[in-house]
Amino acid sequence: AVAQAAEGGAKRAKTVAFVKGGGGVGATTLAVQSACILAGAGKSNEAVACLLDLDFQFGTAALYLDLPGKVDYNELVGAPERIDGALLRSMMSKHSSGLEVLAAPAEVLPLDTLTPDFITATLNIAAREFKYVLLDMPEAWTNWSYRALQGCDVIIVVTQLTVAGVRQARRQLDTLAAQGIEESRVRMALNRFEA
């Protein structure tokens, strides 16, 4: 699946997904901040980190960074075999921290616009181009979101310590387990927690 060993034995990226344990829990904020920190740790000419905003209908990662979106998903999704490193990099917007962001589309498109093959191709290329690939996942589950999570090294379920937050996080954890995602790859992040 995602991020198979790169051609020529090159090392693949560490892939981290941020999964929302409910709406408004701050998963996008944590994904953006984490990605900026990782990107800032590299040299100025080094492709260290990218953030793929896969919250396809309501993604705001580019907005948080004041970056434009450049992607025509309708054109790309039908031909995942066209995606290579140069094309992926041309679709991304670069932040002053060095972070490269694949923005969600400006218009609301159906979730099934993306396909598992498109996600696999995109993540495999990103894993060859960068040291770290961070994913901001949608709250909804789809065939392609399952595919994306299957290849991740770490999945961070973000929630808040409220009744609704704990309930939704439990549902997300159960769904991940039902999809065969090993518990050892899943982490919990309690956002806005006060002791």
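D174 is partly exposed in this predicted model, because its relative accessibility is 42%, which falls between the 20% limit for buried and the 50% limit for exposed residues. The side chain of D174 meets that of R170 in a salt bridge, with 3.0 Å from N to O. R170 is also partly exposed, at 45% relative accessibility. Both residues belong to helix 7, and because they are four residues apart there, about one helical turn separates them.

Helix 7 covers residues 163-178 and also contains V166. With a relative accessibility of 43%, V166 counts as partly exposed. Together with L161 and L190, V166 forms a nonpolar patch on the surface. The accessible area of these three residues together is about 270 Å².

Side chains of opposite charge can pair when their charged atoms come close. The structure holds eight salt bridges. One of them joins D153 to R12, with the closest N and O atoms 2.6 Å apart. D153 sits in the loop between helix 6 (143-150) and strand 6 (154-159), while R12 sits in the segment before strand 1 (14-20), so this pair ties together parts that are 141 residues apart in sequence. D153 has a relative accessible area of 24% and is therefore partly exposed. R12, at 27% relative accessibility, counts as partly exposed too.

A further salt bridge links E129 with R89, and here the closest N and O atoms are 3.2 Å apart. E129 lies in helix 5 (residues 116-129) and R89 in helix 4 (residues 85-91), so the contact ties together parts that are 40 residues apart in sequence. E129 is partly exposed, with a relative accessible area of 28%. For R89 the relative accessible area is 28%, so R89 is partly exposed as well.

Salt bridges also occur as a network in this structure, linking K20, D55 and D136. In that network the lysine is K20, and the aspartates are D55 and D136.

R170 and D174 lie within helix 7. E129 and R89 connect helix 5 with helix 4. D153 and R12 connect a loop with the segment before strand 1.

Key
Residues numbered from 1 in each chain as written. Predicted model: local features only at pLDDT ≥ 70, side-chain atom pairs only at ≥ 80, totals over all residues. Heavy atoms only, no water. Patch = residues over 30% accessible without salt bridge, like charges linked within 9 Å, V, L, I, M, F, W, Y side chains within 5 Å. Areas by Shrake-Rupley, 256 points an atom, 1.4 Å probe, with all protein chains shown as cover. Salt bridge = Lys/Arg side-chain N within 4 Å of Asp/Glu carboxyl O. Helix = DSSP H or I, 4+ residues; strand = E, 2+ residues; numbered from the N terminus. Buried < 20%, exposed > 50% of the residue type's maximum accessible area, 1.4 Å probe, protein only.
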